[in-house]
Amino acid sequence: MKIAVCVKHVPEGQSRLDPASKRLDRSGEGALNHFDANAVEEALRLKGESDTEVVVVSLGPAKAADSLRKALAMGADRAVLVSDDGAVGSDLVATSKALAKALERESADLVLFGQQASDGDGAVLWAAVAERLHRPVVSQVTELTLQDGSLRVKRQTEFGYDVIEAPLPAVIAVSDAINEPRYPSLKGIMGAKKKPFETLSLADIGVDAGEAGEAGSKTEVLALGEPPSRGDARKIEDDGSAAQQIFDFLAEKRLV
Ligand SMILES: Cc1cc2nc3c(=O)[nH]c(=O)nc-3n(C[C@H](O)[C@H](O)[C@H](O)COP(=O)(O)OP(=O)(O)OC[C@H]3O[C@@H](n4cnc5c(N)ncnc54)[C@H](O)[C@@H]3O)c2cc1C
C-alpha cells in the first residue's frame, strides 16, 4: 500500500501582498502548513496498521524542502519536491495540474490532503487534483478506515456526519479534528536527513512551460486595494466598562 500526502510550505507571520507581483510575499520564513500535519499524522497512523509506504509531495520553492523534512522527521518514508521557476505565479488550475502530474508518477492507493492551506485558504485544491486524477474525493474527513481495497470515512457536515464508502485509489482531505499531530522526535529529525528526497523540475513530471506559472493560469490579478472602511464602526477600548458600552450600543440599535 502506498499513501501520498500533499503538503504545502506556507509563509509564517503576518501575510503581505507584494504590490509588484500582486502575489503573496513568500520571501520570508516559512513552515509546514499546520493543517497538513494532520494529513501526515493520519498517513502514519495507517502505516502503523499495515505494510505501507508514506511519500510526502509538495510543489513549491526550494525552501519547501524544510516542510518536507519535517514530515520525514514525523515518520514519512520519502519526499518529492517539485520546484521550478516556471511554476511561480501558478493559480489553482496550474497548481492542480502540476500536483496531479507529480501524483500520477507515484500511483498511490490513497492521496491525503490537509483541509486547507493557511495562506491561500482556498480549501479546494484536493477537489481539482481528484478531478484531474479521475478519483473519488471526500473532504472534511474526521475518521478513516481502510478495508479490502476500499475506504470508509466519517465526513463532518454542518448537521452531523455522513458515512461514505469509496473504492481505492481515492483522494481524501482530512479535517483538523481527525487527530493530534505528533511532534518530531530528535531521532526522527536525525533520521530524516538520510531518507530519500527527490527534487523534480516541471519537465521531469511532464508539465510543459505553457501549463504552469502565469502561462498556465486562468486567474489574473488586475489590482490590489484596501478593503473599504466601515463608516459607522465604533472602536471600544476596554477600561472596565466595555461590556456596558457594547450593551448600550446594541440597545441603541434595538438589537437587544
Ligand atoms: C494569480 C495567482 C498567482 C499565484 N501565484 C502563486 C505563487 O507564485 N506561488 C504560490 O505558492 N502560490 C501562488 N498562488 C496560490 C496558489 O495558486 C494556491 O496556493 C494553490 O492553488 C492552492 O490553493 P490554496 O493555497 O488555497 O490551497 P487549499 O486548496 O486551501 O489547500 C488544500 C490542501 O492542498 C494541499 N496543497 C496546497 N498547496 C499545495 C502545494 N503547493 N503543494 C502540495 N500540496 C498543496 C495541502 O494538503 C492543503 O492542505 C497564486 C494564486 C493566484 C490566483
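Trainee: Which helices and strands each supply at least two residues of the shell around the ligand?

Mentor: The model is a predicted one. In it, helix H1 (34–49), strand E6 (53–59), H3 and H4 each supply at least two residues of that shell. The ligand is surrounded by 33 residues, and the closest are Cys6, Gly114, Gly120, Gly122 and Leu125.

Trainee: How many residues of the shell around the ligand are nonpolar, polar and charged?

Mentor: The shell has 15 nonpolar residues, 12 polar residues and 6 charged residues.

Trainee: Let us turn to H3 and H4. At what angle do these two helices pack, and how far apart are their axes?

Mentor: Two packed helices are described by the angle between their axes and by the distance between the axes. Here helix H3 (residues 92–106) packs with helix H4 (residues 125–133) at about 55°, and the axes are 9 Å apart. H3 and H4 are therefore oblique to each other. The crossing in which H3 passes H4 is right-handed.

Trainee: Which residues of H3 and H4 meet?

Mentor: From H3 the residues are Leu92, Thr95, Ser96, Lys97, Leu99, Ala100, Leu103 and Glu104, and they meet Leu125, Ala128, Val129, Arg132 and Leu133 in H4. By class, the residues of this contact of H3 with H4 comprise 8 nonpolar, 2 polar and 3 charged. Leu125, listed here for H4, is also one of the residues closest to the ligand.

Trainee: What is the order of the strands in the open sheet?

Mentor: Strands of a sheet pair through backbone hydrogen bonds, in either a parallel or an antiparallel sense. In this model the open sheet has 9 strands in the order E11-E10-E9-E12-E8-E1-E6-E7-E13, and the pairing is mixed. Strand E11 (161–167) and strand E13 (197–200) stand at the edges with a single partner strand each, so one side of each has no neighbour in the sheet. From one strand to the next, the twist averages 30°.

Trainee: In which sense, parallel or antiparallel, do E1 and E6 pair?

Mentor: Strand E1 (residues 2–6) pairs with E6 in the parallel sense, over 5 bridges. Ile3 stands opposite Val54 in E6. H3 packs on the sheet and touches E1, E6, strand E7 (78–82) and strand E8 (110–113), its direction making about 155° with that of E6. H4 also packs on the sheet, where it touches E8, strand E9 (137–147) and strand E12 (170–174); the direction of H4 makes about 175° with that of E12.

Trainee: How many bridges join E9 to E12, and how many join E9 to E10?

Mentor: E9 pairs with E12 in the parallel sense over 3 bridges, with Val137 opposite Val171 in E12. With strand E10 (residues 150–156), E9 pairs in the antiparallel sense over 6 bridges, and Gln147 stands opposite Ser150 in E10. E9 and E10 form a hairpin with 2 residues between them, and Asp148 in the turn has a positive phi of about 45°.

Trainee: Which other backbone features deserve attention, and where is Lys22 located?

Mentor: Most residues other than glycine have a negative phi, and most peptide bonds are trans. Lys22, although not a glycine, has a positive phi of about 60°, and Lys22 lies in the loop between strand E3 (17–18) and strand E4 (23–24). The peptide bond from Leu168 to Pro169 is cis, with omega near 0°. Pro169 is placed in the loop between E11 and E12.

How values were computed: Residues numbered from 1 in each chain as written. Predicted model: local features only at pLDDT ≥ 70, side-chain atom pairs only at ≥ 80, totals over all residues. Axes fitted to C-alpha atoms, helices over the stretch in contact; angles between N-to-C directions. Helix = DSSP H or I, 4+ residues; strand = E, 2+ residues; numbered from the N terminus. Parallel < 35°, antiparallel > 145°, perpendicular 65-115°, else oblique. Left-handed = near helix turned anticlockwise from the far one by under 90°. Contact = placed C-beta atoms within 7 Å. Nonpolar A, V, L, I, M, F, W, Y, C, P; charged D, E, K, R; others polar. Near = placed C-beta within 6 Å. Pairing = 2+ DSSP bridges.
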